[in-house]
Amino acid sequence: MEPQKKHCFYLLLTLMILPIYASTALGLGGKRGGGVLVGGWQPIKNITEPHVKEIGEYAVKEYNKESKSQLTFVSVVKGETQVVAGINYRLIVATRDGALAKNYQAVVWEKVWEHFRNLTSFTPVKA
């Protein structure tokens, strides 16, 4: 196989396998067969995972930039992921605004292989 074709083959193979690998590495998987349900939301088993915390911190930081707020990230309370063209993270994040504590639902779309993240929504969670 020509070096250029070989390179393209490995790149395509990596792009096809990466979302499955990433979701498996985060402890995700379907309840019935242990596999990943593409397109379905799956609970994050370990919300204290450093990458999950990083996504939560990113969501609060981006929200602050967009809304001129000064929320402080406290923790990830709950989370789910969805395998798409990348991974969507739907997290409940605990924040502080001075003395006021409030939870928000943040959705972040990430494509690790492109070093891409985007905050797609950030809404208050009713108590």
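**Strand pairing and aromatic contacts**

Strands β3 (residues 86-97) and β4 (residues 100-111) pair in the antiparallel sense through eleven bridges. Strands are DSSP runs of E with at least two residues, helices are runs of H or I with at least four, and both are numbered from the N terminus. Two strands pair if DSSP finds at least two bridges between them. The model is predicted: local features need pLDDT of at least 70, side-chain atom pairs count only at pLDDT 80 or more, and totals for chains, interfaces and linings use all residues. Residues are numbered from 1 along each chain as its sequence is written, and side-chain values use heavy atoms, with hydrogens and water left out.

Arginine 96 has alanine 101 of β4 as its bridge partner. Two residues separate β3 and β4 in their hairpin, where glycine 98 in the turn has a positive phi of about 70°. Strand β5 (residues 116-124) runs antiparallel to β4, joined by eight bridges. Valine 108 stands opposite leucine 119 in β5.

Four aromatic pairs occur in the structure. Rings of Phe, Tyr and Trp (its six-membered ring) pair if their centres lie within 6.5 Å; planes under 30 degrees apart count as stacked, over 60 as edge-to-face and the rest as tilted. Tyrosine 63 and tyrosine 104 have ring centres 5.9 Å apart and planes at 40°, so this pair is tilted. Tyrosine 63 lies in helix α2 (residues 50-67) and tyrosine 104 in β4, 41 residues apart. The rings of tyrosine 63 and phenylalanine 122 are stacked, because their centres are 4.3 Å apart and their planes at 20°. Ring pairs link Tyr63, Tyr104 and Phe122 into a cluster.
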